[in-house]
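Colleague: I'm new to reading structures, and I'd like to see how you get from a value to a label. Could you take me through one?

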Amino acid sequence: MANKTSSNQTSVQEGWRQAGRPIRFSSSSEKVLMNWNTWIRQLHRWLSIIFTAVVAAIFITLGVGVEPAYWVYLMPLIPLALLMLSGLYLFALPYATKWRSGRRTA
(Lines give C-alpha, C1' and ligand atoms only; values in the text may rest on other atoms or scores of the structure.)
Protein backbone atom coordinates (compact mmCIF):
# COMPACT_ATOMS: atom_id res chain seq x y z
CA MET A 1 0.00 0.00 0.00
CA ALA A 2 2.87 2.38 0.80
CA ASN A 3 4.37 1.85 -2.67
CA LYS A 4 1.15 2.91 -4.35
CA THR A 5 1.00 6.10 -2.27
CA SER A 6 4.59 7.04 -3.02
CA SER A 7 4.07 6.43 -6.76
CA ASN A 8 0.97 8.62 -6.69
CA GLN A 9 2.90 11.37 -4.94
CA THR A 10 5.69 11.09 -7.49
CA SER A 11 3.30 11.38 -10.42
CA VAL A 12 1.63 14.41 -8.82
CA GLN A 13 5.00 16.06 -8.28
CA GLU A 14 6.00 15.34 -11.87
CA GLY A 15 2.77 16.92 -13.04
CA TRP A 16 3.48 20.04 -11.04
CA ARG A 17 7.10 20.45 -12.06
CA GLN A 18 8.09 19.19 -15.49
CA ALA A 19 11.71 19.40 -16.66
CA GLY A 20 12.64 21.89 -13.92
CA ARG A 21 10.06 24.47 -14.97
CA PRO A 22 8.38 26.51 -12.22
CA ILE A 23 4.87 25.62 -11.14
CA ARG A 24 2.29 27.43 -13.26
CA PHE A 25 -0.39 29.44 -11.48
CA SER A 26 -3.32 31.37 -12.85
CA SER A 27 -1.99 34.74 -11.72
CA SER A 28 0.98 36.21 -13.58
CA SER A 29 2.24 37.88 -10.39
CA GLU A 30 2.51 34.48 -8.68
CA LYS A 31 4.43 33.11 -11.67
CA VAL A 32 6.86 36.02 -11.51
CA LEU A 33 7.23 35.48 -7.75
CA MET A 34 8.07 31.80 -8.31
CA ASN A 35 10.71 32.77 -10.89
CA TRP A 36 12.14 35.36 -8.49
CA ASN A 37 12.37 32.79 -5.69
CA THR A 38 14.07 30.32 -8.02
CA TRP A 39 16.54 32.99 -9.09
CA ILE A 40 17.42 33.86 -5.47
CA ARG A 41 17.85 30.17 -4.61
CA GLN A 42 20.19 29.65 -7.58
CA LEU A 43 22.15 32.79 -6.67
CA HIS A 44 22.54 31.47 -3.12
CA ARG A 45 23.95 28.18 -4.44
CA TRP A 46 26.47 29.90 -6.71
CA LEU A 47 27.54 32.28 -3.94
CA SER A 48 28.27 29.32 -1.69
CA ILE A 49 30.48 27.81 -4.39
CA ILE A 50 32.33 31.11 -4.85
CA PHE A 51 32.79 31.54 -1.10
CA THR A 52 34.14 28.00 -0.74
CA ALA A 53 36.53 28.47 -3.67
CA VAL A 54 37.92 31.75 -2.29
CA VAL A 55 38.49 30.30 1.18
CA ALA A 56 40.10 27.18 -0.32
CA ALA A 57 42.38 29.35 -2.48
CA ILE A 58 43.52 31.30 0.58
CA PHE A 59 44.35 28.10 2.47
CA ILE A 60 46.19 26.70 -0.55
CA THR A 61 48.36 29.83 -0.83
CA LEU A 62 49.10 29.63 2.87
CA GLY A 63 49.98 25.95 2.51
CA VAL A 64 52.41 26.73 -0.32
CA GLY A 65 54.14 29.22 1.94
CA VAL A 66 53.12 32.44 0.20
CA GLU A 67 51.73 35.13 2.48
CA PRO A 68 48.93 36.89 0.55
CA ALA A 69 48.20 40.59 0.89
CA TYR A 70 45.86 41.71 3.65
CA TRP A 71 43.00 42.50 1.25
CA VAL A 72 42.97 38.87 0.09
CA TYR A 73 41.78 37.86 3.56
CA LEU A 74 38.82 40.23 3.16
CA MET A 75 37.69 38.75 -0.18
CA PRO A 76 35.46 36.03 1.33
CA LEU A 77 33.44 38.69 3.17
CA ILE A 78 31.75 39.87 -0.04
CA PRO A 79 30.12 36.54 -0.96
CA LEU A 80 29.56 35.83 2.74
CA ALA A 81 27.52 39.03 3.14
CA LEU A 82 25.48 38.19 0.04
CA LEU A 83 25.01 34.65 1.34
CA MET A 84 23.67 36.05 4.59
CA LEU A 85 21.14 38.27 2.79
CA SER A 86 19.93 35.57 0.42
CA GLY A 87 19.88 33.00 3.24
CA LEU A 88 17.73 35.24 5.43
CA TYR A 89 15.36 35.77 2.51
CA LEU A 90 15.11 32.02 1.89
CA PHE A 91 14.64 31.39 5.61
CA ALA A 92 11.75 33.87 5.85
CA LEU A 93 10.11 32.76 2.61
CA PRO A 94 7.88 29.97 4.04
CA TYR A 95 6.69 32.25 6.84
CA ALA A 96 5.91 35.06 4.41
CA THR A 97 4.01 32.64 2.18
CA LYS A 98 1.88 31.45 5.11
CA TRP A 99 1.29 35.04 6.20
CA ARG A 100 0.31 36.12 2.67
CA SER A 101 -2.10 33.22 2.22
CA GLY A 102 -3.94 34.17 5.40
CA ARG A 103 -3.07 31.09 7.42
CA ARG A 104 -1.92 32.38 10.76
CA THR A 105 0.11 30.03 12.94
CA ALA A 106 -0.43 30.14 16.68
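Colleague: What percentage of the 106 residues in the protein chain do buried residues make up?

Modeller: Buried residues account for 13% of the 106 residues. Keep in mind that this is a predicted model. As for the overall layout, the chain has four helices and zero strands, and the pattern along the sequence reads α-α-α-α.

Colleague: Okay, let's take one residue. Why is N37 called buried?

Modeller: The relative accessible area of N37 is 9%. Buried means under 20%, so N37 gets that label with its 9%. N37 sits in helix α2. If you leave aside neighbours within four places in sequence, N37 is in contact with Y89 and L93.

Colleague: Now the in-between label. Why does L62 count as partly exposed?

Modeller: Because its relative accessibility is 35%. Buried would need under 20% and exposed over 50%, so at 35% L62 lands in between. L62 belongs to helix α2. W36 gets the partly exposed label too, because its relative accessible area is 47%.

Colleague: L62 is part of a surface patch, I think. Which residues make the nonpolar patch?

Modeller: The patch is made by F59, L62, Y70, Y73, L74, L77 and L80, and covers about 710 Å². To join a patch, a residue needs over 30% relative accessible area, and L62 has 35%.

Colleague: Which helices supply at least two residues each to the patch?

Modeller: That would be α2 (28-64), α3 (70-74) and α4 (77-101). Helix α3 gives the most, with three residues.

Colleague: Let's turn to the rings. How many aromatic pairs are there?

Modeller: The count comes to two aromatic pairs. In one of them, the rings of W36 and W39 have centres 5.5 Å apart and planes at 25°.

Colleague: How do you know that W36 and W39 are stacked?

Modeller: Rings pair if their centres lie within 6.5 Å, and planes under 30 degrees apart count as stacked. The values for W36 and W39 are 5.5 Å and 25°, so the pair is stacked. Both residues lie in helix α2, three residues apart, about one turn of the helix.

Colleague: And what makes the pair of F91 and Y95 tilted?

Modeller: The centres of F91 and Y95 are 5.7 Å apart, with 55° between the planes. Stacked needs under 30 degrees and edge-to-face over 60, and the rest count as tilted. An angle of 55° therefore makes F91 and Y95 a tilted pair. F91 and Y95 are four residues apart in helix α4, so about one helical turn separates them. F91 is exposed, and Y95 is exposed as well.

Colleague: One last thing: how much accessible surface does the protein chain have?

Modeller: About 8,700 Å², of which 68% belongs to carbon and sulfur atoms.

Conventions: Residues are numbered from 1 along each chain as its sequence is written. This is a predicted model: local features need pLDDT of at least 70, side-chain atom pairs count only at pLDDT 80 or more; totals for chains, interfaces and linings use all residues. Side-chain values use heavy atoms; hydrogens and water are left out. Patches are made of residues with over 30% relative accessible area and no salt bridge: like charges are joined within 9 Å, nonpolar side chains (Val, Leu, Ile, Met, Phe, Trp, Tyr) within 5 Å. Accessible areas come from the Shrake-Rupley method with a 1.4 Å probe; for residues, only the protein chains shown count as cover. A salt bridge is a side-chain nitrogen of Lys or Arg within 4 Å of a carboxyl oxygen of Asp or Glu. Buried means under 20% relative accessible area, exposed over 50%, partly exposed in between (1.4 Å probe, protein chains only). Rings of Phe, Tyr and Trp (its six-membered ring) pair if their centres lie within 6.5 Å; planes under 30 degrees apart count as stacked, over 60 as edge-to-face and the rest as tilted. Contact means heavy atoms within 4.5 Å.
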